[in-house]
Amino acid sequence: MRKISINLLPIEYAREEIKKAKFYKIQIFGIASVVIVTFLASLTVALGVLQSKNIKEAEARLGESEEKVLQLKDRQALVFVIKNRLATINQYFGIPSKQVAIYSMLNQLLPSGLNISSYTIDRSGEAVVIGVVSDGESVDNLIVGLTSKSEASDKISRVSIENLNRGRDGLYRISLKIQTK
Amino acid sequence: MKKENLVLIYQRYQLIIFPVAVALSCLILIVFVMIPQLTKFLKNSQVEASFKTKSDFLDTKVEALESLDEKDLQKKARDAVISFPQEKDFVTLIILLQKITSENGFNMTSLLFGGARFSKDPSYGILIEVAGPKSIFARLLNSIETSHRLMRIDRIEISSGKSGDVISANLSISALFAPIPGNLGSVDSPLPPISKGEEELMARLSKGQEVPLTAVELSPTGKSNPFE
């Protein structure tokens, strides 16, 4: 059986009640929002305070570390001096200069038949060899040795005969200019 | 306006006034408290992190420095500076060249300071004239360039006698030197590591300096009275 509901309250009163109920809900929601935002704001302030404390501690620790490094600055200076010197020493120590390398190379390439009377290797790495050989065949061997051997072709760019003469004694006096790569 | 009127207006428009007041309060809190605090928090987080990083770096540096033996470092620095001095070391070089030439069976007949310098790095020139067996001349050159004092041969002039066994050679040598830089690292600068290769190099340099240079005996040559 269907129930019949009859509202006997005046319509203004009913509207007022509905309005009150609505406002009550808005009030609850508003207060809750203010409380939450206030709580979050307080939280950020508290975090800031805590962080400031941590920063001060970190700063103090950093100061202590800097102080320790300053106490060891003599050792640090010694390390820097060693590194500074070694940087240059490393470039040269144990590595023969171009001139010494050329001397060693020519020593291997020049035949034993060549009797060297003078030998110059200048700053640019150009070598001038003046020597005496006993016969024409040795002259050939000398030039072939300086121009054809594989180790020579790697390092020698040009060999020029500056002077060649044969004396009455039958000996060949030869002056060679050797340019290296 | 009377208080009663205000109350009446509020009661009439409370559904609008209250939410607006709440929204404004929240907005004020957010704009003037939360956002500045959060910005400051983020900024300070970076500062804190940088302090921590720097502090950790310095702690590691302190640890590394403390692990080094100061006496050993002083010896190494002394050896390195002897090898590659900060200024012209004429006396040391004269003694050393005399030692090297005599050890290699050569006689040093003259020594002259001057001449062109090695182009790349600061250096001063020395011209020496030596006489000795041709067969071991290469060894002499090698000894000069591998001596603990950094030297480069930049010109070689050799003339042989009639026999060809004994030679006379003029060598132009550049002795390298360079001033030590004024700035030897700040608190923040990282400690340069000394590699194994560099340690070996230091050991080789140190080995070459075992015989103190001042202990080398100088034997006078030439006439006792040059005016005779």
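## Definitions and basis

Two strands are taken to pair if DSSP finds at least two bridges between them. Helices (H or I, at least four residues) and strands (E, at least two) are DSSP runs, numbered from the N terminus.

This is a predicted model, in which local features need pLDDT of at least 70, side-chain atom pairs count only at pLDDT 80 or more, and totals for chains, interfaces and linings use all residues. Residues are numbered from 1 along each chain as its sequence is written, and chains are lettered from A, with ligands numbered from 1, in the order in which they are written.

## Strand pairing between the chains

Strand β1 of chain A (residues 115-121) runs antiparallel to β3(B), joined to it by four bridges. Within β3(B), B:Glu157 is the bridge partner of A:Thr120.

## The contact between chains A and B

Chain A contributes 62 residues to the contact and chain B 67, two residues being in contact if their C-beta atoms, placed from the backbone, lie within 7 Å. On the chain B side, at least two residues each come from α1 (3-67), α2 (70-83), α4 (137-145), β3 (151-160) and α5 (196-208). The largest share, 28 residues, belongs to α1(B).

## Domains of chain A

Domain 1 of chain A covers 10-95 and domain 2 covers 98-180, with bounds from an automatic or database domain assignment. Their centres, taken over C-alpha atoms, are 78 Å apart.

## Confidence

The model has ipTM 0.77 and pTM 0.75. Chain B has a mean pLDDT (the predictor's confidence in each residue, from 0 to 100) of 86, with 87% of its residues at 70 or more.
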